[in-house]
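Hi,

Here is the structure I promised to pass on.

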Amino acid sequence: MPDVVAVDLGGTNIRAARVNERGEVLARDKTATLAESGMGAVAARMAELVNKVRGPETIGIGVGTPGTPDPDTGVMKSRAVNIPDSQGYPLCPELTRITGLPAGADNDGNLAALGEYWLGAARGEHIVLLFTLGTGIGGACVIDGHVYHGHSNLGTEFGHVSIDYNGRPCPCGVLGCVEQYGSAAAVGRDAREALAAGGKDARASLLWKLCGGDPAKADAKLVCDAVRDGDAYAGALLDRNCDYLATGIGALMNAFNPSCVILGGGMALAGEIVVGRVRTFLGKNRAYAPIFKDARIVAATLGDDAGLIGAARIAFDKAGVKV
Ligand SMILES: [Zn+2]
């Protein structure tokens, strides 16, 4: 059975896995990214890792990178985070030159959505929207098994949909982006502010206890931990962030009419504590009711491997093998 090597280019490590047509991981390895060594050295290390992980039946390479590699040519269009000279670098042509294998690349968030479509929470779904809840909010859309890229590969920036025309300024230049209100970073910031300003309720809360009485220690994980243990104060805080999040997600659901909405990233690990709240607010008044009724709202299931599984999928696509 043919297999491919999937690669995930991260800020700290390059991870690789050999994956067969059934999506089974046959081998794994990783190496340090050493971003400061420059894109040529990073690509050479990546190729070396591929050669280590590949087998006799390996037919191609799929790479997930930060930024926006051109999905047709595999040339890095924008600078990948922390790698100084990555913009314009012909990543896939270079990997092919060294390894002799065809290579495809895409943004790591897009590939996470494709991975969830192939083998995860959105298996075989018609139209999938992914929201990755971390420091920011990443977005991706998969339609009939194909990543939707937009006119210049800049589409599906779901975190930068504005939910308040006069709201908090976002580094992207837009006011009131949903990631300023519904990301894990925003949950932590709001909790720290509320605890610091808080009166009796704040000090009596389990969240206060979990922070050891130091508001500066609050973050999204502690908020979710407190909610899980029944803390009403933390529950009310999280309600607000999840309603903001649902407002952004609802706008995008109205635009795409998806069959499945996946919440991924660190904050979605809290499961129904977050996903259930978002679903409730969407159903109440944040999405057009018939569109909401037709969509499953679920947590991602592949975790850190989603991007690798998606990268394997584009490697098979690139090699012309139907899986
Ligand atoms: Zn923004």
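Before the strands come up, one term: two strands count as paired if DSSP finds at least two bridges between them. Also, keep in mind that this is a predicted model.

With that in hand, take strand S2 (residues 13–20), which pairs with S3 in the antiparallel sense over seven bridges. Within that stretch of the model, Ala 17 stands opposite Arg 28 in S3.

These two strands belong to an open sheet of five, in the order S3-S2-S1-S4-S5, and the pairing is mixed. At its edges sit strand S3 (25–32) and strand S5 (103–107), each pairing on one side only. Ignoring direction, neighbouring strands of the sheet are turned by 20 degrees against each other on average.

What packs on the sheet? Helix H2 (residues 91–99) does, touching strand S4 (58–65) and S5, and its direction makes about 150 degrees with that of S5. Then there's helix H12 (residues 306–318), which lies across strand S1 (3–9), S2, S4 and S5 and runs at about 130 degrees to S4.

Now for the overall layout. The chain is divided into domain 1 (3–114 + 305–318) and domain 2 (123–300), with their C-alpha centres 29 Å apart. Their contact takes 11 residues from domain 1 and 13 residues from domain 2. On the domain 1 side, helix H3 (residues 108–119) gives the largest share, five residues. By class, that side has five nonpolar, three polar and three charged residues.

Cheers

Conventions. Residues numbered from 1 in each chain as written. Predicted model: local features only at pLDDT ≥ 70, side-chain atom pairs only at ≥ 80, totals over all residues. Domains from an automatic or database assignment. Contact = placed C-beta atoms within 7 Å. Helix = DSSP H or I, 4+ residues; strand = E, 2+ residues; numbered from the N terminus. Nonpolar A, V, L, I, M, F, W, Y, C, P; charged D, E, K, R; others polar. Axes fitted to C-alpha atoms, helices over the stretch in contact; angles between N-to-C directions.
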